[in-house]
Amino acid sequence: MGLYLNSKKPALLYQTEAQAAYFIDKSALLDELAALLEPSDNLSEHPGTVGNKYICITRPRRFGKTVMANMVASYFGRGMDSSDIFGKLSVSTKKWYKTHLNTHNVIHIMFNEMPAECKNYSQYISRIQKRLLGDLMREFPDAGIDYETAVWDALNQILELEENIKFIFVFDEWDFIFHRQFVTDADKAAFVDFISNLLKDQPYVELAYMTGILPIAKYSSGSELNMFLEYTMAAKVKFSEYFGFSKEEVDILFDRYLKLTEKPAVTREGLRIWYDGYQTLAGKRLYNPRSVVCALSDNQLSNYWTNSGPYDEIFYYVQKNLDDIRDDIALMAAGQSVPAKIQEYAATSMELHTKDEILSAMVVYGFLCSENGRVSIPNKELMDKFVDMIRREPALGYVHRLSKKSEQMLRATLSQDTDTMLAILEYAHNTETPLFSYNNESELTALVNLVYLSARDSYRIEREDKAGIGYVDFIFYPEDKNADCIILELKVDHTPEEAIRQIKDRQYALRFKGRLGEASPYTGHILAVGITYNKKDKKHYCKIEKLE
């Protein structure tokens with residue numbers, strides 16, 4: 001067994017995953033892949049994929065690509081007996097289960113692994129070639145292989161030596177090297193040629209399963225990698241159920257969490273607010289799997305998004321293309337969606353120019369979700385990241401200035417200083433915001449979202465939340481249960497007094513009361529806030545009343 005050929009590593013990694021408290025069995029993916037290994041007269045057992053043996057699955061980071069790659073390699077590969085792992089999973093019920101369990105030669109390469117102090121592409125690719133050649137020389141000593149042999153030549157020499165020897169290739173994070181600063185365009189082309197020479201039209205390939213973030217179409221200028229069938233989240237339905245968590249899967253994990261946790265601090269609704277919001281082409285909603293597992297394991301709703309790699313690059317694009325993207329950032333931070341023509345192939349590092357290219361890259365990297373030709377910020381976890389970016393980037397102009405004003409807006413609301421609140425609203429509408437004409441309440445809602453950006457640090461803000469006998473426009477739940485609560489109702493061409501009357505009549509304040517027989521978890525005052533806009537005189541009006 002070797003470092004890449006029939007390695008124990010993927011099985012050991014997947015075993016750890018399968019034994020974790022918040023593991024979801026997605027071994028049904030193997031049914032799709034096993035069909036590609038069956039002879040044509042034995043396909044009745046496989047309702048899944050039949051046909052092309054080259055599969056490339058692209059998804060944003062943290063959507064389980066590596067876990068699934070490890071599963072594929074550990075099931076098919078000979079590196080380690082994995083019957084204890086898969087015998088407990090749904091795949092074990094298949095008639096063909098034992099036929100393929102640990103019976104194939106698997107070459108598993110995690111392309112995100114780097115040599116120590118790697119400074120150039122030559123060092124990176126040489127490490128991969130030498131490790132693989134070393135494995136092949138040890139396993140097939142009579143094949144006449146040495147370290148000067150091209151990897152594809154070595155594999156063909158093995159095939160000539162032993163006619164029935166074939167290999168399954170599992171490549172994880174195939175596009176990782178494209179994000180390294182030292183990699184040139186010539187290096188990228190050389191790497192694509194490396195994969196093409198290794199896999200395309202080679203008789204030793206039994207199956208190729210490859211994952212990444214960036215679609216291969218961007219880097220394959222012609223026929224180099226056209227043997228792959230590519231499955232993206234935004235353009236293909238197939239395989240979607242194996243990446244990300246569905247609502248039903250999160251329900252299962254949450255029930256498990258309640259049984260395992262002595263004092264649960266995470267709510268099911270909280271998981272939805274923080275980590276839901278992605279969508280497949282078929283319209284199925286998806287949660288960010290890593291964040292869900294982290295939240296349940298930590299017993300805390302928090303931001304588990306890491307600020308590394310493409311995240312920083314995406315905001316570099318925003319700063320360098322402000323004229324195109326500034327208004328869209330403002331609208332999305334206000335909770336709205338914006339139109340975009342998604343071009344998944346456009347997400348190449350540091351080369352974005354148009355608004356659609358920038359928004360496309362954000363979708364590919366998982367910072368935005370796409371639905372029906374529009375993009376938006378999917379959940380609170382990502383919204384917090386966008387708000388942080390808005391606050392720290394003066395180059396965003398009026399959007400950045402509004403974020404600073406929002407700090408005053410919350411203070412003014414809590415102190416019931418309606419004069420300051422009105423001044424900020426007028427400033428935002430008349431001086432800074434070219435986005436809203438105030439033809440309806442939704443535009444007023446968007447502006448209010450912007451002027452209360454900073455409130456998200458200390459409040460969980462819900463829009464159109466079910467409260468009392470209706471739906472309140474905004475409700476602010478304080479993180480500090482001793483702080484004041486806020487109920488905010490918006491109206492166009494009505495008075496703020498009417499807005500507050502609605503808050504009272506529909507009993508929106510019940511959202512802050514405890515369950516029957518229980519004390520309220522909130523001990524601060526409840527502030528009823530009415531904000532209105534009169535289209536005739538083009539002025540805002542505001543009133544605050546402390547509820548008993």
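Student: Is Thr261 buried or exposed?
Tutor: Buried means under 20% relative accessible area and exposed over 50%, with partly exposed in between (1.4 Å probe, protein chains only). Thr261 has a relative accessible area of 16%, so it is buried. This is a predicted model, where local features need pLDDT of at least 70, side-chain atom pairs count only at pLDDT 80 or more, and totals for chains, interfaces and linings use all residues. Residues are numbered from 1 along each chain as its sequence is written, and side-chain values use heavy atoms, leaving out hydrogens and water.

Student: Where is the place of Thr261?
Tutor: Helices (H or I, at least four residues) and strands (E, at least two) are DSSP runs, numbered from the N terminus. Thr261 sits in the loop between H9 and H10.

Student: Which residues does Thr261 touch?
Tutor: Contact means heavy atoms within 4.5 Å. Leaving aside residues up to four places away in sequence, Thr261 touches Tyr22 and Asn299.

Student: What does the side chain of Thr261 reach?
Tutor: A polar contact is a pair of N or O atoms within 3.5 Å; within protein, one must be able to donate a hydrogen and the other to accept it, and residues adjacent in sequence count only if both atoms are side-chain atoms. The Thr261 side chain reaches the backbone oxygen of Tyr257 at 2.8 Å.

Student: Asn299 came up. Which helix does Asn299 follow?
Tutor: Asn299 follows H11, and its phi is positive, near 60 degrees.

Student: Which residues of H11 are buried?
Tutor: In helix H11 (residues 289-298) they are Pro289, Ser291, Val292, Cys294, Ala295 and Leu296. They pack against helix H9 (247-260), helix H10 (268-275) and helix H15 (380-392).

Student: How many salt bridges does the structure hold?
Tutor: Side chains of opposite charge can pair when their charged atoms come close. A salt bridge is a side-chain nitrogen of Lys or Arg within 4 Å of a carboxyl oxygen of Asp or Glu. The structure holds 16.

Student: Which residue forms a salt bridge with Asp251?
Tutor: Lys247 does, with the closest N and O atoms 3.2 Å apart. Asp251 is partly exposed at 26%, and Lys247 is partly exposed at 46%. Salt bridges link Lys247, Asp251 and Arg268 in a network.

Student: Which residue pairs with Lys355?
Tutor: Asp328, at 3.3 Å between the closest N and O atoms. This pair links distant parts of the chain: Lys355 is in helix H14 (residues 355-365) and Asp328 in helix H13 (residues 322-333), 27 residues apart. Lys355 is partly exposed at 28%, whereas Asp328 is buried at 7%.

Student: Where is confidence lowest in the chain?
Tutor: pLDDT is the predictor's confidence in each residue, from 0 to 100. The lowest mean, 62, is in helix H12 (residues 310-320), and the highest, 98, is in strand E2 (residues 105-110). Over residues 46-50 the pLDDT is below 50, yet this stretch has 16 contacts in the model beyond near neighbours in sequence. Residues 346-350 also stay under 50, with 19 contacts beyond four places in sequence. Where pLDDT is low, the predicted coordinates should not be read in detail. The chain averages 86, and 88% of the residues score at least 70.
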